[in-house]
Amino acid sequence: MVVLRKSVHTKELNAADRKRDRLVKGLYGVAKGWRAYPDDARQKAAERLYILLKKYWEIILAGNRISESAAIYNLLQDLRGNYASSVSLLELTDWVAAIDAAEQEFLTARSERAEEEVEKPKENLRQLRGQMDAFYVAMTEALNARLPADGLGGNVVAEPDEVIPESRANAPYQFVITWNETVKLYRNSLAQRAGHRTKSHEAGGPEA
């Protein structure tokens, strides 16, 4: 019943996803290059970051967007925690902040798209119900015509424990019996819901 439309936030979501990928991959490349810097302290810091980023980049490449967000979250925790001194020595603090900002853009776009999906306008239910009613009537008429044609007399009422004669044990009859039980179940549920709603209204409480 929901209108299937392309979300206006899909483009933003895809762009944010590519941006965070590009930044993480770029930081990985920078750390890899720093390993050749002619300074022992920076080489060691770069090696530490390179190993860390390589591990996370492989997770990001192999995972879906949800696992990627989890990996980026953990990566940021490491970069600002145990690896903060290496990030500072290589002057990569702004790069880490850029990854964080890109991740926040992605999460915002994903949240807005999810909210849009929940609030998405519905089709004209009155028109759809009319079409569905027509299909339902056509189906029941076809079944009602099929049962007498099979010599079943059109009788499709059966108790749950009734032993159905072999002459009536055909697919259309079994379908109608099962369908009638299903309809009965939903009618009872709707009646109960309507009863609860009436009682709640009479009591002054909120409607379901």
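R113 is partly exposed, with a relative accessible area of 30% (buried is under 20%, exposed over 50%, partly exposed in between, with a 1.4 Å probe and protein chains only). R113 belongs to helix α5, residues 93–118; helices are DSSP runs of H or I with at least four residues, numbered from the N terminus. The model is predicted: local features need pLDDT of at least 70, side-chain atom pairs count only at pLDDT 80 or more, and totals for chains, interfaces and linings use all residues. Residues are numbered from 1 along each chain as its sequence is written, and side-chain values use heavy atoms, leaving out hydrogens and water.

**Helix α1**
- Buried residues of α1 include L13, D17 and R20.
- The 25 residues of α1 (10–34) should span 36 Å at 1.5 Å a residue, and the end C-alpha atoms are 36 Å apart, which agrees; the expected span is 1.5 Å times one less than the number of residues.

**E68**
- E68, in helix α3 (residues 65–79), is buried at 4% relative accessibility.
- Leaving aside neighbours within four places in sequence, E68 contacts D17, R20, D21 and I60 (heavy atoms within 4.5 Å).

**Nonpolar surface patch**
- Y136, V137, F175 and W179 make up a nonpolar patch with about 350 Å² of accessible area together (Shrake-Rupley method, 1.4 Å probe, only the protein chains shown counting as cover for residues).
- Patch residues have over 30% relative accessible area and no salt bridge, and nonpolar side chains (Val, Leu, Ile, Met, Phe, Trp, Tyr) are joined within 5 Å; a salt bridge is a side-chain nitrogen of Lys or Arg within 4 Å of a carboxyl oxygen of Asp or Glu.
- Helices α6 (125–149) and α7 (171–202) each supply at least two of the patch residues.
- V137, in α6, is partly exposed at 40% relative accessible area.

Notes: Patches are made of residues with over 30% relative accessible area and no salt bridge: like charges are joined within 9 Å, nonpolar side chains (Val, Leu, Ile, Met, Phe, Trp, Tyr) within 5 Å.
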